[in-house]
Amino acid sequence: MTDLSASPAAAPVRASSSLLTLDARVRRRNAAEARFRGYGFAAILLALLALVWLLYSIFSAGLPAFRQTVIQIPVTLDAAQLDKAGNRNPDEMAKASTVTYGKVLSEALKAAVAQNGIVIEGLDDKEIAGMLSQEAPAMLRRDVLANPALLGQTITFQAYATGRVDGYYKGRVTLDSATRDSNVTPEQLHLADALKEKGLLSTSFNSGFLTMPDASDKRPEAAGLGIAILGSAYMMVVVLVLSLPIGVAASIYLEEFAPKNRWTDLIEVNIANLAAVPSIVFGILGLAIFINMAGLPQSAPIVGGLVLTLMTLPRIIIPTRAALKAVPPSIRDAALGVGASKMQSIFHHVLPLAAPGILTGMIIGLAQALGETAPLLLIGMVAFVREFPAAPPSGLFDPAAALPVQVYNWTQRGDPGFVERASGAIIVLLVFLLIMNTLAIILRRRFERRW
Amino acid sequence: MKDVLTENAVKAETSKISARKAQVYYGTNHAIKDVDVEILDKTVTAFIGPSGCGKSTFLRCLNRMNDTIPSCRVEGSITLDGEDIYDKRVDPVQLRAKVGMVFQKPNPFPKSIYDNVAYGPKIHGLTRSKAELDEIVEKSLRRAALWNEVKDRLQTPGTGLSGGQQQRLCIARAVATSPEVLLMDEPCSALDPIATAQVEELIDELRTNFSVVIVTHSMQQAARVSQRTAFFHLGNLVEYGETGQIFTNPKDPRTESYITGRIG
């Protein structure tokens with residue numbers, strides 16, 4: 001008892017009483033913190049490395065898609081051969097097929113080779129003609145049909161070189177690999193070098209990659225993203241026009257007006273679940289409802305847009321509700337307190353304050369929709385489309401492709417030229433996403449500045 | 001309309017709001033029990049009482065701000081000028097135009113000072129021209145003793161003002177719609193003594209035009225600004241009467257205990 005009263009509480013034992021020396025406990029705590037910081041830093045470093053590696057692999061494989069090797073050939077367009085009727089009527093000129101134009105082109109190339117005094121041993125006529133892309137005659141024919149006045153003239157035609165010759169200048173094809181390749185011979189590559197020396201062959205920016213439609217397996221050099229970009233743009237318009245008003249209206253109703261009962265709880269849970277449903281399920285839904293039941297055309301941007309809208313809606317409603325919820329209740333009270341109706345308080349005060357958050361959610365939802373592939377496969381967007389869709393609104397019902405599906409499609413093809421195209425398409429997709437995100441940031445800044 | 005003289009003569013006796021057996025429930029929680037109170041016109045009435053005694057709840061019943069709480073239920077009768085404000089035909093929007101409110105925390109809209117004050121008159125269609133609106137804004141800001149401080153920066157955001165200025169802006173916003181009753185829920189709790197003094201002075205001036213009901217935790221404030229005081233305890237209105245009488249000669253022992261600091 002005397003002990004207890006003498007020292008009511010034993011003083012805690014300290015290793016060191018000086019502030020200048022760290023005791024063991026503090027040292028252990030500091031070490032733990034340093035370790036944790038190290039882990040965090042390592043995690044960031046790993047993530048950055050993965051990103052750099054990903055970007056490097058995409059850009060190194062995809063950037064060559066933006067360049068294309070062309071052979072400049074002086075072509076004499078013989079009217080007697082290409083316009084047998086002789087009346088310059090494009091409808092009748094169309095009788096001259098690509099086969100005829102192919103002959104014209106290969107003759108012209110042969111003449112150009114001879115004229116420049118290029119002699120390659122073991123190179124036959126067929127191999128010379130094989131330097132040109134199978135798409136080249138079709139392009140020449142299109143040019144002539146579009147402008148019949150060209151007939152009778154000698155023009156310098158920029159003919160696409162075949163994918164293997166193109167690959168030779170991008171490092172994909174070597175003289176060594178050509179000996180084992182049935183599609184190209186070393187002699188053809190020698191000829192390409194000779195043509196390049198004479199200035200007849202050059203590699204330049206490939207605008208066709210962004211404007212031309214897809215091409216068949218045998219001609220990767222002519223495959224472009226034109227229809228895919230257009231199709232994706234159409235779908236994004238459909239998604240934006242449908243999901244912004246529906247999503248925002250649904251969010252406002254659920255957040256501000258709906259009575260809090262078992263039904264709204266059920267709806268809430270299901271919206272959260274819908275956001276987690278695999279996107280391919282929406283594809284099956286779209287196939288069943290929009291194509292089989294409603295009878296909308298397959299492979300059309302309208303169906304793709306509708307399916308993506310279904311998929312995007314919960315992903316927009318959730319952040320929109322969060323943004324509405326984040327507006328302080330004092331603002332609602334203030335508005336109600338001066339006699340604003342519920343709707344006035346929402347539209348005059350709550351919505352403008354929530355707008356930056358809503359916009360961000362919207363753009364992220366759109367970006368997800370832009371990159372979505374699986375549901376589009378099921379509604380036939382994977383089809384091979386050569387015809388550009390018309391202008392909206394009727395164009396929304398024409399067959400089209402989509403950017404991510406085009407990537408998927410190209411990775412399925414045999415020719416190595418398509419690997420390059422697929423990576424190039426990914427770059428285009430990334431650029432679009434970057435543009436959308438930048439837009440989101442700019443819009444958000446503008447909305448925030450108003451206050 | 002009414003004769004000014006007769007109105008002045010009877011002003012102290014005119015009842016503006018009267019509650020009869022008012023009950024408020026939050027779900028199953030009986031928050032306000034059997035409150036009978038007469039709030040007089042052109043008078044400052046103070047509600048005092050310990051935290052959680054229901055004074056704010058009762059205040060919010062007077063302009064039906066409690067409607068925004070789904071579980072809240074009001075029984076009994078509360079009338080404004082003899083009309084039951086909980087009648088089915090009453091639109092709370094119209095009621096709140098007559099019974100304005102100032103909140104505990106200053107809550108200006110994140111808009112310009114001008115727009116803050118002009119918002120109420122705009123949505124109630126009180127003005128026909130920009131000039132009239134300008135006039136109302138100036139008059140309201142003058143009433144709130146804020147005009148001289150902000151007249152050169154009416155287009156700057158209201159959220160950029162100091163706390164005391166923001167609260168006076170909220171008062172200006174509330175008086176801009178020309179309410180008949182002004183409810184104030186601890187309007188000075190977030191303010192420093194100087195701003196508090198300004199707001200108290202303001203409340204005293206507002207009495208000439210409105211009936212003011214103020215909830216406060218400060219008994220000194222209640223004594224300074226109010227003519228009538230109601231003491232709430234555990235959801236009951238314990239005592240209601242002249243402020244002087246409540247503070248100097250309370251009838252109920254609970255009131256005396258609270259005022260002398262023994263409960264609350």
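Let me start with a pair of helices in chain A. Helix 5 (residues 98–115) of chain A packs against helix 7 (residues 135–146) of chain A at an angle of about 105 degrees, and their axes are 8 Å apart. Angles of 65 to 115 degrees count as roughly perpendicular, so helix 5 of chain A is roughly perpendicular to helix 7 of chain A. Keep in mind throughout that this is a predicted model.

Who makes the contact? From helix 5 of chain A come Thr98(A), Tyr101(A), Gly102(A) and Leu105(A). Helix 7 of chain A brings Ala136(A), Pro137(A), Ala138(A), Leu140(A), Arg141(A) and Val144(A). Sorted by class, the contact of these two helices has 7 nonpolar, 2 polar and 1 charged residues.

Now chain B. The axes of helix 4 (residues 113–123) of chain B and helix 5 (residues 130–143) of chain B come within 9 Å and cross at roughly 110 degrees. That angle makes helix 4 of chain B roughly perpendicular to helix 5 of chain B. The crossing of helix 4 of chain B past helix 5 of chain B is right-handed. On the helix 4 side of chain B, the contact residues are Ile113(B), Tyr114(B), Val117(B), Ala118(B), Pro121(B) and Lys122(B). On the helix 5 side of chain B, they include Leu133(B), Ile136(B), Val137(B) and Leu141(B). The class count for this contact is 9 nonpolar, 1 polar and 3 charged residues.

That is the packing. Next, the empty space. Rolling a probe the size of a water molecule over the atoms shows where empty space is left.

The largest pocket holds about 610 Å³ of space. It has 23 lining residues, and the closest to its centre are Glu256(A), Leu336(A), Lys342(A), Asp67(B) and Thr68(B). Among the elements that give two or more residues to this lining are helix 12 (226–257) and helix 17 (342–370) of chain A, and also helix 3 (92–98) of chain B. Which element gives the largest share of the lining of the largest pocket? Helix 16 of chain A does, with 4 residues. By class, the lining of the largest pocket divides into 10 nonpolar, 3 polar and 10 charged residues.

The second largest pocket has about 520 Å³ of space. Of the 23 residues that line the second largest pocket, Ala129(A), Gly130(A), Leu132(A), Gln134(A) and Thr162(A) lie nearest its centre. The lining of the second largest pocket has 6 nonpolar, 11 polar and 6 charged residues.

Last, the cavities. How many cavities of 30 Å³ or more does a search of the whole structure find? The search finds 2. The largest cavity has a volume of about 50 Å³, and its lining includes Asp214(A), Met381(A), Phe384(A) and Asn409(A). Helix 19 (residues 403–411) of chain A gives the largest share of that lining, 3 residues. The lining of the largest cavity divides into 7 nonpolar, 2 polar and 1 charged.

The second largest cavity has a volume of about 40 Å³. Leu254(A), Pro259(A), Lys260(A), Thr264(A), Asp265(A), Glu268(A) and Arg321(A) line the second largest cavity. Helix 13 (residues 262–276) of chain A gives the most to this lining, with 3 residues. By class, the lining of the second largest cavity has 2 nonpolar, 1 polar and 4 charged residues.

Conventions: Residues numbered from 1 in each chain as written. Chains lettered and ligands numbered in written order. Predicted model: local features only at pLDDT ≥ 70, side-chain atom pairs only at ≥ 80, totals over all residues. Heavy atoms only, no water. Axes fitted to C-alpha atoms, helices over the stretch in contact; angles between N-to-C directions. Parallel < 35°, antiparallel > 145°, perpendicular 65-115°, else oblique. Left-handed = near helix turned anticlockwise from the far one by under 90°. Contact = heavy atoms within 4.5 Å. Nonpolar A, V, L, I, M, F, W, Y, C, P; charged D, E, K, R; others polar. 1 Å grid on protein atoms, 1.4 Å probe; cavity = no way out; pocket = protein on both sides within 12 Å on 5 of 7 lines; lining within 4 Å. Points joined across faces, edges and corners; volume = space filled by probe spheres on them.
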